[in-house]
Amino acid sequence: MRKPGKAIIRCTIGLILLSLMVSADPGVPEFTPDGFRIPQPDAQLEFPRDHASHPDFKIEWWYLTGHLYTTTGERFGYQATFFRNAVQPGAGHGDHPFNNTQHHLTHVALTDVSGKAFHFEQRFSREGWDASARTDKLDVRNGNWSLVGNSDVSVLSLRTSIKSDAELSLKLIPQEQLVRFGRDGTSRKGPLPESRSYYLTFSRMLTEGVLTIGDRRLEVSGLSWMDHEIASNQLDPNYTGWDWIAIHLNDGWEVKAYLLRQENGASSPFSQLIWIDPEGETYYRGADDFEWVKSAHWRSSFSNASYPHTPIIRTMHPVTQLPVEFHFKPVLDDQELVLPNTTYWEGAGKIIDGDGNETGAAYLELVGYAGRIRGL
(Lines give C-alpha, C1' and ligand atoms only; values in the text may rest on other atoms or scores of the structure.)
Protein backbone atom coordinates (compact mmCIF):
# COMPACT_ATOMS: atom_id res chain seq x y z
CA MET A 1 0.00 0.00 0.00
CA ARG A 2 1.27 3.46 -0.86
CA LYS A 3 1.91 5.63 2.18
CA PRO A 4 0.10 8.95 2.19
CA GLY A 5 2.20 11.90 1.09
CA LYS A 6 3.16 14.76 3.37
CA ALA A 7 0.71 17.12 1.68
CA ILE A 8 -2.18 14.72 2.33
CA ILE A 9 -1.09 14.27 5.95
CA ARG A 10 -0.90 18.05 6.43
CA CYS A 11 -4.31 18.49 4.82
CA THR A 12 -5.84 15.77 7.02
CA ILE A 13 -4.35 17.28 10.16
CA GLY A 14 -5.62 20.70 9.11
CA LEU A 15 -9.15 19.38 8.59
CA ILE A 16 -9.07 17.66 12.00
CA LEU A 17 -7.89 20.85 13.70
CA LEU A 18 -10.56 22.90 11.87
CA SER A 19 -13.21 20.42 12.96
CA LEU A 20 -12.04 20.65 16.56
CA MET A 21 -12.08 24.43 16.41
CA VAL A 22 -15.63 24.48 15.05
CA SER A 23 -16.90 22.00 17.61
CA ALA A 24 -15.16 23.93 20.41
CA ASP A 25 -16.70 27.26 19.36
CA PRO A 26 -19.56 27.81 21.80
CA GLY A 27 -21.32 30.28 19.49
CA VAL A 28 -24.30 31.93 21.14
CA PRO A 29 -25.30 30.08 24.31
CA GLU A 30 -28.94 29.12 24.58
CA PHE A 31 -29.26 30.16 28.22
CA THR A 32 -27.65 32.57 30.68
CA PRO A 33 -26.00 31.01 33.77
CA ASP A 34 -29.19 31.69 35.76
CA GLY A 35 -31.40 29.96 33.20
CA PHE A 36 -32.86 32.73 31.03
CA ARG A 37 -33.07 32.21 27.29
CA ILE A 38 -30.78 34.16 24.97
CA PRO A 39 -31.94 35.40 21.53
CA GLN A 40 -30.56 33.14 18.83
CA PRO A 41 -29.28 34.20 15.40
CA ASP A 42 -31.59 33.31 12.50
CA ALA A 43 -34.30 32.07 14.87
CA GLN A 44 -37.75 31.81 13.33
CA LEU A 45 -40.29 34.02 15.10
CA GLU A 46 -44.01 33.44 14.73
CA PHE A 47 -46.42 36.33 14.38
CA PRO A 48 -48.74 37.50 15.74
CA ARG A 49 -47.78 35.31 18.74
CA ASP A 50 -44.30 36.84 19.15
CA HIS A 51 -45.80 40.28 19.69
CA ALA A 52 -46.83 38.82 23.07
CA SER A 53 -44.77 38.21 26.21
CA HIS A 54 -41.68 35.96 26.49
CA PRO A 55 -41.31 35.17 30.21
CA ASP A 56 -38.33 32.85 29.67
CA PHE A 57 -36.26 35.94 28.78
CA LYS A 58 -35.14 38.21 31.59
CA ILE A 59 -36.32 41.56 30.28
CA GLU A 60 -38.77 42.73 27.67
CA TRP A 61 -40.42 45.99 26.84
CA TRP A 62 -43.07 47.45 24.59
CA TYR A 63 -42.12 51.06 23.99
CA LEU A 64 -44.28 53.67 22.27
CA THR A 65 -43.64 57.30 21.44
CA GLY A 66 -45.68 59.62 19.30
CA HIS A 67 -46.47 63.10 18.05
CA LEU A 68 -50.10 64.20 18.36
CA TYR A 69 -51.93 67.25 17.05
CA THR A 70 -55.38 68.75 17.51
CA THR A 71 -57.41 70.20 14.66
CA THR A 72 -56.52 73.67 15.94
CA GLY A 73 -52.79 72.98 15.78
CA GLU A 74 -51.94 72.22 19.41
CA ARG A 75 -49.04 69.79 19.69
CA PHE A 76 -48.37 67.01 22.17
CA GLY A 77 -45.82 64.25 22.55
CA TYR A 78 -46.34 61.03 24.48
CA GLN A 79 -44.34 58.07 25.74
CA ALA A 80 -45.61 54.77 27.17
CA THR A 81 -43.17 51.98 28.06
CA PHE A 82 -44.35 48.67 29.50
CA PHE A 83 -41.43 46.72 31.01
CA ARG A 84 -41.60 43.05 32.03
CA ASN A 85 -38.71 41.94 34.20
CA ALA A 86 -38.24 38.34 35.32
CA VAL A 87 -36.77 37.44 38.69
CA GLN A 88 -36.56 33.82 37.57
CA PRO A 89 -37.50 32.12 34.30
CA GLY A 90 -41.01 30.87 33.73
CA ALA A 91 -44.53 32.13 33.25
CA GLY A 92 -46.65 30.29 35.79
CA HIS A 93 -47.70 31.47 39.22
CA GLY A 94 -49.92 28.56 40.18
CA ASP A 95 -52.86 29.32 42.43
CA HIS A 96 -51.30 32.34 44.06
CA PRO A 97 -52.90 35.65 43.01
CA PHE A 98 -49.49 37.32 42.73
CA ASN A 99 -46.52 36.12 40.71
CA ASN A 100 -43.28 37.22 42.28
CA THR A 101 -41.21 35.85 39.38
CA GLN A 102 -42.48 38.44 36.86
CA HIS A 103 -42.51 42.16 37.65
CA HIS A 104 -44.09 44.95 35.61
CA LEU A 105 -42.75 48.51 35.51
CA THR A 106 -44.45 51.13 33.34
CA HIS A 107 -43.47 54.69 32.47
CA VAL A 108 -45.93 57.14 30.95
CA ALA A 109 -45.20 60.75 29.96
CA LEU A 110 -46.97 63.56 28.13
CA THR A 111 -45.45 66.73 26.68
CA ASP A 112 -47.90 69.64 26.37
CA VAL A 113 -46.12 72.03 24.01
CA SER A 114 -48.68 74.85 24.10
CA GLY A 115 -49.06 74.60 27.87
CA LYS A 116 -45.28 74.27 28.32
CA ALA A 117 -45.82 71.39 30.73
CA PHE A 118 -44.40 67.89 31.11
CA HIS A 119 -46.34 65.20 32.99
CA PHE A 120 -45.11 61.72 33.93
CA GLU A 121 -45.85 58.78 36.18
CA GLN A 122 -44.37 55.36 37.02
CA ARG A 123 -46.04 52.19 38.24
CA PHE A 124 -44.49 49.00 39.59
CA SER A 125 -46.55 45.84 40.09
CA ARG A 126 -46.03 42.14 40.54
CA GLU A 127 -47.84 40.00 38.01
CA GLY A 128 -51.30 39.19 39.28
CA TRP A 129 -54.43 41.20 39.83
CA ASP A 130 -52.92 44.55 38.85
CA ALA A 131 -50.51 43.66 36.06
CA SER A 132 -50.04 41.01 33.38
CA ALA A 133 -48.54 40.27 29.98
CA ARG A 134 -50.20 37.51 28.00
CA THR A 135 -48.07 34.93 26.21
CA ASP A 136 -50.54 34.13 23.42
CA LYS A 137 -51.38 37.62 22.15
CA LEU A 138 -50.34 41.24 22.55
CA ASP A 139 -52.09 42.21 25.78
CA VAL A 140 -50.01 44.05 28.38
CA ARG A 141 -51.57 45.72 31.42
CA ASN A 142 -50.55 47.63 34.54
CA GLY A 143 -53.57 48.83 36.45
CA ASN A 144 -55.81 50.74 34.05
CA TRP A 145 -52.93 51.26 31.62
CA SER A 146 -52.95 48.82 28.72
CA LEU A 147 -51.57 48.01 25.28
CA VAL A 148 -53.70 45.52 23.34
CA GLY A 149 -53.53 44.29 19.75
CA ASN A 150 -56.31 42.75 17.71
CA SER A 151 -55.98 39.19 16.36
CA ASP A 152 -53.39 40.02 13.67
CA VAL A 153 -51.98 43.17 15.36
CA SER A 154 -53.18 45.32 12.47
CA VAL A 155 -54.77 47.64 15.04
CA LEU A 156 -53.45 48.42 18.52
CA SER A 157 -55.17 50.17 21.39
CA LEU A 158 -53.31 52.15 24.03
CA ARG A 159 -54.87 53.49 27.22
CA THR A 160 -52.92 55.45 29.80
CA SER A 161 -53.35 58.21 32.35
CA ILE A 162 -51.03 60.40 34.39
CA LYS A 163 -52.26 60.97 37.95
CA SER A 164 -55.21 63.35 37.73
CA ASP A 165 -53.52 65.47 35.05
CA ALA A 166 -54.27 63.59 31.82
CA GLU A 167 -55.81 60.55 30.16
CA LEU A 168 -55.00 59.15 26.73
CA SER A 169 -56.95 56.67 24.62
CA LEU A 170 -55.42 55.91 21.22
CA LYS A 171 -55.90 53.63 18.21
CA LEU A 172 -52.69 52.85 16.32
CA ILE A 173 -52.52 51.34 12.82
CA PRO A 174 -49.14 50.20 11.40
CA GLN A 175 -48.46 51.66 7.95
CA GLU A 176 -45.39 49.54 7.09
CA GLN A 177 -44.31 45.95 7.54
CA LEU A 178 -42.81 44.91 10.85
CA VAL A 179 -39.06 45.57 11.02
CA ARG A 180 -36.83 42.98 12.70
CA PHE A 181 -33.47 44.60 13.33
CA GLY A 182 -30.17 42.78 12.84
CA ARG A 183 -28.76 41.07 9.78
CA ASP A 184 -29.03 37.68 11.54
CA GLY A 185 -32.35 38.52 13.19
CA THR A 186 -30.76 39.75 16.42
CA SER A 187 -29.64 43.24 17.39
CA ARG A 188 -26.07 43.17 18.75
CA LYS A 189 -25.37 45.55 21.64
CA GLY A 190 -21.94 44.38 22.79
CA PRO A 191 -18.96 42.07 22.20
CA LEU A 192 -20.18 39.08 24.19
CA PRO A 193 -22.15 36.45 22.22
CA GLU A 194 -25.16 36.89 24.51
CA SER A 195 -25.21 40.70 24.16
CA ARG A 196 -28.09 40.74 21.71
CA SER A 197 -31.86 41.09 21.56
CA TYR A 198 -34.83 40.43 19.36
CA TYR A 199 -35.71 43.97 18.30
CA LEU A 200 -39.09 44.37 16.59
CA THR A 201 -40.46 47.69 15.39
CA PHE A 202 -43.53 49.25 13.85
CA SER A 203 -41.80 52.49 12.88
CA ARG A 204 -44.80 54.38 11.48
CA MET A 205 -48.30 53.98 12.90
CA LEU A 206 -51.20 56.26 12.10
CA THR A 207 -52.61 57.35 15.44
CA GLU A 208 -55.91 58.88 16.50
CA GLY A 209 -57.87 59.14 19.69
CA VAL A 210 -58.80 61.31 22.64
CA LEU A 211 -56.61 63.20 25.07
CA THR A 212 -58.16 64.56 28.22
CA ILE A 213 -55.92 67.11 29.90
CA GLY A 214 -57.27 69.00 32.86
CA ASP A 215 -60.91 69.69 32.07
CA ARG A 216 -60.38 69.65 28.28
CA ARG A 217 -61.28 66.73 26.02
CA LEU A 218 -59.29 66.91 22.77
CA GLU A 219 -59.44 64.80 19.63
CA VAL A 220 -55.87 64.15 18.48
CA SER A 221 -54.13 62.45 15.56
CA GLY A 222 -50.58 61.95 14.38
CA LEU A 223 -47.84 59.34 14.11
CA SER A 224 -46.40 56.84 16.59
CA TRP A 225 -43.41 54.49 16.77
CA MET A 226 -43.38 51.18 18.68
CA ASP A 227 -40.40 49.02 19.66
CA HIS A 228 -40.72 45.57 21.20
CA GLU A 229 -37.39 44.33 22.54
CA ILE A 230 -36.66 40.92 24.10
CA ALA A 231 -33.36 40.10 25.80
CA SER A 232 -31.65 38.59 28.82
CA ASN A 233 -28.19 40.16 28.98
CA GLN A 234 -27.85 42.57 26.09
CA LEU A 235 -25.72 45.42 27.49
CA ASP A 236 -22.01 45.27 28.23
CA PRO A 237 -21.17 46.06 31.92
CA ASN A 238 -18.73 48.67 30.60
CA TYR A 239 -21.59 50.86 29.34
CA THR A 240 -22.60 53.94 31.30
CA GLY A 241 -25.70 54.83 29.30
CA TRP A 242 -27.01 55.58 25.84
CA ASP A 243 -28.32 58.29 23.52
CA TRP A 244 -31.16 57.03 21.30
CA ILE A 245 -33.33 58.69 18.67
CA ALA A 246 -36.30 57.65 16.48
CA ILE A 247 -37.02 59.96 13.55
CA HIS A 248 -40.13 60.23 11.36
CA LEU A 249 -39.16 62.08 8.17
CA ASN A 250 -41.81 63.87 6.14
CA ASP A 251 -40.83 61.99 2.97
CA GLY A 252 -41.87 58.62 4.46
CA TRP A 253 -38.45 57.43 5.61
CA GLU A 254 -37.53 56.71 9.24
CA VAL A 255 -34.19 56.69 11.03
CA LYS A 256 -33.21 54.97 14.26
CA ALA A 257 -29.80 55.71 15.77
CA TYR A 258 -28.13 55.09 19.11
CA LEU A 259 -24.83 55.69 20.86
CA LEU A 260 -23.82 53.18 23.52
CA ARG A 261 -21.53 55.09 25.87
CA GLN A 262 -18.52 53.40 27.50
CA GLU A 263 -16.73 54.16 30.76
CA ASN A 264 -13.78 55.68 28.92
CA GLY A 265 -16.09 58.25 27.33
CA ALA A 266 -15.95 56.71 23.86
CA SER A 267 -18.89 55.29 21.94
CA SER A 268 -19.13 51.54 21.61
CA PRO A 269 -18.41 50.12 18.13
CA PHE A 270 -21.82 48.45 18.48
CA SER A 271 -23.52 51.85 18.20
CA GLN A 272 -25.58 52.00 15.04
CA LEU A 273 -27.77 54.02 12.68
CA ILE A 274 -30.51 52.33 10.64
CA TRP A 275 -32.49 53.82 7.77
CA ILE A 276 -35.99 52.44 7.10
CA ASP A 277 -37.51 53.15 3.69
CA PRO A 278 -41.27 53.60 3.04
CA GLU A 279 -41.61 49.87 2.27
CA GLY A 280 -39.95 48.86 5.54
CA GLU A 281 -36.56 47.84 4.11
CA THR A 282 -33.55 48.57 6.30
CA TYR A 283 -30.11 50.04 5.57
CA TYR A 284 -27.46 49.74 8.28
CA ARG A 285 -24.72 52.20 9.15
CA GLY A 286 -22.02 51.22 11.64
CA ALA A 287 -20.51 53.40 14.33
CA ASP A 288 -17.90 54.79 11.89
CA ASP A 289 -20.53 55.70 9.28
CA PHE A 290 -22.38 58.42 11.15
CA GLU A 291 -21.50 61.33 13.41
CA TRP A 292 -23.44 62.31 16.55
CA VAL A 293 -22.54 65.84 17.68
CA LYS A 294 -23.66 66.90 21.16
CA SER A 295 -24.19 70.54 20.25
CA ALA A 296 -25.83 71.93 23.41
CA HIS A 297 -26.88 70.84 26.90
CA TRP A 298 -29.71 71.46 29.34
CA ARG A 299 -29.10 71.14 33.08
CA SER A 300 -31.87 69.82 35.32
CA SER A 301 -32.66 71.71 38.51
CA PHE A 302 -33.95 68.44 40.04
CA SER A 303 -31.20 65.94 39.29
CA ASN A 304 -28.42 68.39 38.34
CA ALA A 305 -27.80 66.17 35.30
CA SER A 306 -26.57 67.85 32.13
CA TYR A 307 -28.33 66.40 29.08
CA PRO A 308 -27.05 66.83 25.48
CA HIS A 309 -30.61 67.35 24.25
CA THR A 310 -29.94 69.06 20.88
CA PRO A 311 -27.81 66.56 18.93
CA ILE A 312 -26.79 66.93 15.30
CA ILE A 313 -26.54 63.65 13.39
CA ARG A 314 -24.63 63.44 10.11
CA THR A 315 -24.57 60.49 7.73
CA MET A 316 -25.11 59.51 4.07
CA HIS A 317 -28.46 58.77 2.47
CA PRO A 318 -28.49 55.08 1.44
CA VAL A 319 -30.05 55.72 -1.98
CA THR A 320 -28.72 59.08 -3.13
CA GLN A 321 -25.37 58.65 -1.33
CA LEU A 322 -25.53 62.36 -0.54
CA PRO A 323 -24.64 63.71 2.91
CA VAL A 324 -27.57 64.49 5.20
CA GLU A 325 -27.79 66.29 8.50
CA PHE A 326 -30.47 66.00 11.20
CA HIS A 327 -30.72 68.70 13.89
CA PHE A 328 -32.94 67.68 16.81
CA LYS A 329 -34.70 70.64 18.45
CA PRO A 330 -36.70 69.70 21.58
CA VAL A 331 -40.17 71.20 21.82
CA LEU A 332 -39.48 71.73 25.55
CA ASP A 333 -36.17 71.73 27.39
CA ASP A 334 -37.54 70.03 30.51
CA GLN A 335 -38.71 66.56 29.48
CA GLU A 336 -36.93 64.75 32.31
CA LEU A 337 -38.57 61.82 34.10
CA VAL A 338 -37.51 61.97 37.75
CA LEU A 339 -38.43 58.54 39.10
CA PRO A 340 -37.62 56.52 42.24
CA ASN A 341 -35.50 53.90 40.50
CA THR A 342 -34.04 55.92 37.63
CA THR A 343 -34.00 59.41 36.14
CA TYR A 344 -33.59 60.12 32.44
CA TRP A 345 -34.53 62.57 29.68
CA GLU A 346 -37.02 61.47 27.04
CA GLY A 347 -38.73 63.97 24.84
CA ALA A 348 -40.33 65.10 21.62
CA GLY A 349 -38.69 67.39 19.12
CA LYS A 350 -38.48 68.67 15.57
CA ILE A 351 -35.98 67.59 12.92
CA ILE A 352 -34.31 70.46 11.06
CA ASP A 353 -32.05 69.84 8.07
CA GLY A 354 -28.77 71.59 7.29
CA ASP A 355 -30.63 74.35 5.40
CA GLY A 356 -32.93 75.14 8.32
CA ASN A 357 -36.04 73.37 6.94
CA GLU A 358 -38.27 71.31 9.25
CA THR A 359 -38.17 67.82 7.71
CA GLY A 360 -39.66 65.62 10.41
CA ALA A 361 -40.31 64.84 14.06
CA ALA A 362 -38.42 62.67 16.51
CA TYR A 363 -38.17 61.32 20.03
CA LEU A 364 -34.84 61.45 21.85
CA GLU A 365 -33.88 59.34 24.89
CA LEU A 366 -30.86 60.15 27.08
CA VAL A 367 -30.09 57.56 29.77
CA GLY A 368 -27.26 57.43 32.30
CA TYR A 369 -26.58 61.16 32.69
CA ALA A 370 -28.32 61.33 36.09
CA GLY A 371 -26.56 58.24 37.47
CA ARG A 372 -25.13 54.95 36.37
CA ILE A 373 -27.55 52.57 34.72
CA ARG A 374 -28.12 49.01 35.82
CA GLY A 375 -27.41 46.43 33.11
CA LEU A 376 -30.32 45.25 30.98
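First, the ground rules. The model is predicted, so local features need pLDDT of at least 70 and side-chain atom pairs count only at pLDDT 80 or more, while totals for chains, interfaces and linings use all residues. Residues are numbered from 1 along each chain as its sequence is written, and side-chain values use heavy atoms, with hydrogens and water left out.

Side chains of opposite charge can pair when their charged atoms come close. I count a salt bridge when a side-chain nitrogen of Lys or Arg lies within 4 Å of a carboxyl oxygen of Asp or Glu. On that basis the structure has 17 salt bridges.

Let me start with K189 and E229, whose closest N and O atoms are 2.9 Å apart. K189 sits in the loop between β11 (187–188) and β12 (196–213), and E229 belongs to strand β13 (residues 216–231), so this pair ties together parts 40 residues apart in sequence. Strands here are DSSP runs (E, at least two residues), numbered from the N terminus. How accessible is K189? K189 has a relative accessible area of 6% and is buried, and E229, at 4%, is buried as well. The cut-offs are under 20% relative accessible area for buried, over 50% for exposed, and partly exposed in between, using a 1.4 Å probe and protein chains only.

Next, D243 and R261 form a salt bridge with an N to O distance of 2.6 Å. D243 is in strand β14 (residues 239–249) and R261 in strand β15 (residues 254–262), so the two are 18 residues apart and the pair links distant parts of the chain. Both residues are buried, with D243 at 0% relative accessibility.

What else does the side chain of D243 meet in a polar contact? The partner is the side chain of Y369, at 2.9 Å. A polar contact is a pair of N or O atoms within 3.5 Å; within protein, one must be able to donate a hydrogen and the other to accept it, and residues adjacent in sequence count only if both atoms are side-chain atoms. Leaving out residues up to four places away in sequence, D243 also touches others, including W292, K294, P308 and E365. Contact means heavy atoms within 4.5 Å.

E325 lies in strand β22 (residues 323–330) and R314 in strand β21 (residues 311–316), 11 residues apart. E325 is partly exposed at 23%, and R314 is partly exposed at 32%.

Last, E176, R204 and E254 are joined in a network of salt bridges.

Definitions and conventions:
Helices (H or I, at least four residues) and strands (E, at least two) are DSSP runs, numbered from the N terminus.
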